[in-house]
Amino acid sequence: MNLSQRLGKIKDMARLDDKDIEPLSSDMDIKIAEMMSENIIGTIKLPVGIATNFLIDGKDYLIPMSIEEPSVVAAASHAAKLARPGGGFKTSYTPSIMIGQIQLMDIKEPAKSMKAILSKTAEIKKHANHQDSVMVKLGGGLIDVEVRDIPSSRGALVIVHLIVDVKDAMGANCVNSMCEGVAPFLEKLTGGRSVLKIISNLSDRRLVKAEATWKKELIGEDVIEGILDAYEFAKVDPYRCATNNKGVMNGIDAVAIATGNDFRALEAGAHAYAARDGYKPLATYKKNRDGDITGSIEMPISVGIVGGATKTNPVAKTSLKIMGIESAHELASVMASVGLANNFAALRAMVSEGIQKGHMRLHAKNIAMSAGASENEASDVAKKMVEKGDISVSRAKEILENIRKNKSFNKVR
Ligand code: MEV
């Protein structure tokens, strides 16, 4: 399909109106940009593509992904297609629990203070929930208080954790306000000095799991063995593991960006979680009794569908509508599935035809443009490079020169 056919199809399938699709093809209103950040001089565009074929918990999804890298959207769609005969992706999740940290120092008797803090949980809850009455009305808010005593070279740290259910929000604003709101009470209670009062991005109580099975008849037994070998490599070598997990985050970040979510928080949480017991792959793979391969991923995904850029960025609103997302849990489940799909797709490609073939084919237009082709010329140059099996800037320059020569020759004739 061409661009307008794709837009038309999405409009029909996701029941969008003109107002929903308008932000996809126009520049972000500079006034909106000014609300989002500081010293604004403009905006930068990223492509938004649609990943297809995803069947997640029995529901079909069209998934907007925003990413500058070619082949990621195609790879996710391909892995999702191959997963359909196995029933697609199945997910589960914990409640949206985030942790806020308050760092207390200069406490004379840490053990005694820790006890005192725990005995005042009800009062701490009152102070915390006072900071975000909307969250409390929605059924969220502070649910527990925990205390840790950590030695450091600058003396004992008493670390108070506020355990907060943030429901459909990402939660940073709510949790940070609670930490700052509770800190003076804790200083008074312990005689200590509060230093940091901030959310933890290691949101290991806000986990989502996704699982999918790829049938051996579809992908081949050799490829399954190859994927298991590749997975083993990531398990035993952090140099490989970082790249493996980057492949997972290709998908997760792309959906995060398309929905206006904080991808840096996701990156921080994902890698910290992967490193909790020595740095490990975020997704695991095993062969089942039938010889098919099952991939499963478990990781923190703290995303929101209310507040922040999810509401101010018009494209984010449209993305959520395209997916028909109704809760932060649902969005996190979709993202975990996409992350698993991208990881699987990368491993499958690397152990079979190699990653560069598809990647370079999709990257050919970029290369043509870096060789100086105009937008009109880029498709022809890319096509010729793919035909010749040589996708490089030098080849692009050569082809471009020929195209231009032929054109001026034809003009003269
Ligand atoms: C590239 O963006 C991602 C990969 O490097 C992931 C991987 O190696 O598993 C292909």
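**Entry 1: helix α11**

I began with the bend in α11: this helix has a kink of about 30°, centred on M249. For the bend at a residue, I took the angle between axes fitted to the seven residues ending there and the seven starting there. The model I am reading is a predicted one, where local features need pLDDT of at least 70, side-chain atom pairs count only at pLDDT 80 or more, and totals for chains, interfaces and linings use all residues. Residues are numbered from 1 along each chain as its sequence is written, and side-chain values use heavy atoms, with hydrogens and water left out.

I then looked up the length of α11. Its 21 residues, 238-258, reach 29 Å from the first C-alpha to the last, close to the 30 Å expected at 1.5 Å a residue. The expected span is 1.5 Å times one less than the number of residues. Helices (H or I, at least four residues) and strands (E, at least two) are DSSP runs, numbered from the N terminus.

Is α11 mostly covered or mostly open? I found it mostly covered, with 15 of its 21 residues buried. Here buried means under 20% relative accessible area, exposed means over 50%, and partly exposed is in between (1.4 Å probe, protein chains only). Just after α11, I noted that G260 takes a positive phi of about 70°.

**Entry 2: around the ligand**

Which residues surround the ligand? I listed E69, R240, T243, N244, K246, G247, N250, A346, M350 and I355.

A polar side-chain atom of E69 lies 2.7 Å from an oxygen atom of the ligand. For R240, a side-chain N or O atom is 2.7 Å from a ligand oxygen. K246 also has a side-chain N or O atom 2.7 Å from an oxygen atom of the ligand. On its own the ligand has 300 Å² of accessible area, and the protein covers 84% of that. These areas come from the Shrake-Rupley method with a 1.4 Å probe; for residues, only the protein chains shown count as cover.

**Entry 3: aromatic pairs**

How many aromatic pairs are there? I get four. The rule pairs rings of Phe, Tyr and Trp (its six-membered ring) if their centres lie within 6.5 Å; planes under 30 degrees apart count as stacked, over 60 as edge-to-face and the rest as tilted.

F89 and W214 make an edge-to-face pair, 6.2 Å centre to centre with 80° between the planes. This pair links distant parts of the chain, 125 residues apart: F89 sits in the loop between α4 (72-83) and β3 (90-93), and W214 in strand β8 (residues 207-214). I checked burial too, and both F89 and W214 are buried.

The ring centres of Y231 and Y285 are 5.8 Å apart and their planes are at 75°, so this pair is edge-to-face. Y231 is in helix α10 (residues 221-236) and Y285 in strand β9 (residues 283-287), so the pair ties together parts 54 residues apart in sequence. Y231 counts as buried at 10% relative accessibility, and Y285 counts as buried at 6%. I also found ring pairs linking F54, F89, W214 and F344 into a cluster.

I looked for positive phi in residues other than glycine. S71, in the loop between β2 (59-66) and α4, has a phi of about 85°. S71 is partly exposed, at 21% relative accessibility. K167 has a positive phi near 55° and lies in the loop between β6 (157-165) and α8 (172-190). With a relative accessible area of 31%, K167 is partly exposed.

**Entry 4: helix α14**

Seven of the ten residues of α14 (residues 314-323) are buried, so this helix is largely enclosed by the rest of the structure. At its start, a side-chain oxygen of N313 reaches to within 3.0 Å of the backbone nitrogen of V315. G324 follows α14 with a positive phi near 65°.

**Entry 5: the whole protein**

I finished with the overall view. The protein has 18 helices and ten strands, and 46% of its 413 residues count as buried.

Key:
A residue is near a molecule or strand if one of its heavy atoms lies within 4 Å of it. A polar contact is a pair of N or O atoms within 3.5 Å; within protein, one must be able to donate a hydrogen and the other to accept it, and residues adjacent in sequence count only if both atoms are side-chain atoms.
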